[in-house]
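Subject: Structure handover

Hello,

Please find the structure below. My notes on what was found in it follow.

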Amino acid sequence: SAAPVSVLGLGMMGTALATALLDAGHPVTVWNRTPAKAGPLVARGALPAGTPADAVAANPLVVLCLLGNTHVQEVFDTLGDAVAGRTVVNLTNGTPAQARELAAWASEHGAHYIDGGIMAVPQMIAGPHAYVVYSGDEQAFRTHRPTLAAFGGTKWTGTDPGLAAVHDLALLTGMYGMVIGVLQAFALVRTENIPATGFAEPLVAWIQAMLTGVPEWAGAVDSGEHLTDVSSIAVNQSAFPNFLTAYRDQGISGELFEPFQALLDRAMAEGHASDGLSRLADLLRAN
Ligand code: NDP
């Protein structure tokens with residue numbers, strides 16, 4: 001029979017995680033700060049726990065998904081002896097340093113710690129495109145991987161507990177870069193009453209075409225060889241004022257893009273005119 005699991009945190013994501021476990025046939029114990037949110041899960045057979053310590057005591061595997069890691073630490077601080085011997089899988093979004101601190105806390109309290117980053121929205125959980133990146137206690141991960149597979153793919157990133165957060169934040173960084181570009185593009189076309197709905201198709205096609213260059217950039221970033229025959233920093237730095245000027249002329253804010261002009265200017269000042277844009281990844285590293 002399927003392994004029992006405790007789920008702490010029943011927000012949009014925690015509810016999706018608990019639901020996926022129930023769907024996969026796991027007995028599930030649930031706790032949420034606001035108890036009413038457990039109602040639909042309890043109606044489906046989940047067992048409600050009165051406190052986080054009760055939930056953690058109930059099962060060897062504990063999944064947490066709270067708003068932030070400060071809340072996770074607050075919950076940890078209420079657990080007392082209940083956490084000893086447990087495997088805690090923290091799927092709350094956070095930083096590598098927070099994950100390392102929580103792992104150290106767990107280790108001091110005799111618990112196994114796995115950190116995770118969810119690459120999905122709640123509606124995608126248990127579907128074909130959802131996966132979670134994990135890091136931390138590898139033996140505990142091996143033991144519980146079949147259970148964690150209820151959420152979707154399970155991608156191991158390493159024993160340093162901070163690695164899942166690095167992967168998660170880096171993937172989301174790429175996403176937010178795309179979000180920023182899409183929002184600015186829509187804001188710009190709307191200044192001329194061009195419908196964003198009509199502009200979505202060429203925008204997606206263009207972004208997809210440009211994404212094919214990413215593996216080549218990756219090679220340049222790894223090798224430090226940024227010379228390009230595609231598009232130089234000089235030509236981009238020269239064209240970029242057109243963007244900022246047009247934003248201003250059209251009455252939209254350039255606040256998301258002004259820092260990019262500053263970085264292009266610095267790349268020129270530091271002698272990288274002939275390099276490709278991949279050079280900027282190096283310049284972002286503080287020395
Ligand atoms: P919600 O806002 O829906 O849920 C937040 C949860 O955190 C609730 O269970 C809430 O309890 C709990 N919480 C907040 N403050 C405290 C506290 N002080 N003590 C105890 N519990 C607290 O957020 P989501 O479920 O969407 O997100 C949860 C985590 O999952 C976040 O870290 C998020 O970044 C991550 N995530 C979310 C994704 C998404 O698409 N939604 C995608 C990938 C990751 P209460 O019900 O009592 O308020």
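**Helix pair**

The axes of helix α4 (residues 69-76) and helix α5 (residues 96-108) come within 11 Å and cross at roughly 10 degrees. Axes here are lines fitted to C-alpha atoms, for helices over the stretch in contact, with angles from 0 to 180 degrees between N-to-C directions; helices (H or I, at least four residues) and strands (E, at least two) are DSSP runs, numbered from the N terminus. α4 and α5 are therefore roughly parallel to each other (angles under 35 degrees count as such).

On the α4 side, N69, V72, Q73 and F76 meet Q98, L102 and W105 of α5 (contact: C-beta atoms, placed from the backbone, within 7 Å).

**Model and numbering**

This is a predicted model: local features need pLDDT of at least 70, side-chain atom pairs count only at pLDDT 80 or more, and totals for chains, interfaces and linings use all residues. Residues are numbered from 1 along each chain as its sequence is written.

**Sheet**

An open sheet of eight strands has the order β3-β2-β1-β4-β5-β6-β7-β8, with mixed pairing (strands pair if DSSP finds at least two bridges between them). β3 (47-48) and β8 (153-156) are at the edges with a single partner strand each, so one side of each has no neighbour in the sheet. β4 (residues 61-64) and β5 (residues 87-90) pair in the parallel sense over four bridges, and V62 stands opposite V88 in β5.

Helix α7 (residues 163-190) lies across β6 (112-119) and β7 (131-136), at about 10 degrees to β6.

Regards

Key: Angles under 35 degrees count as roughly parallel, over 145 as roughly antiparallel, 65 to 115 as roughly perpendicular and the rest as oblique. Two residues are in contact if their C-beta atoms, placed from the backbone, lie within 7 Å.
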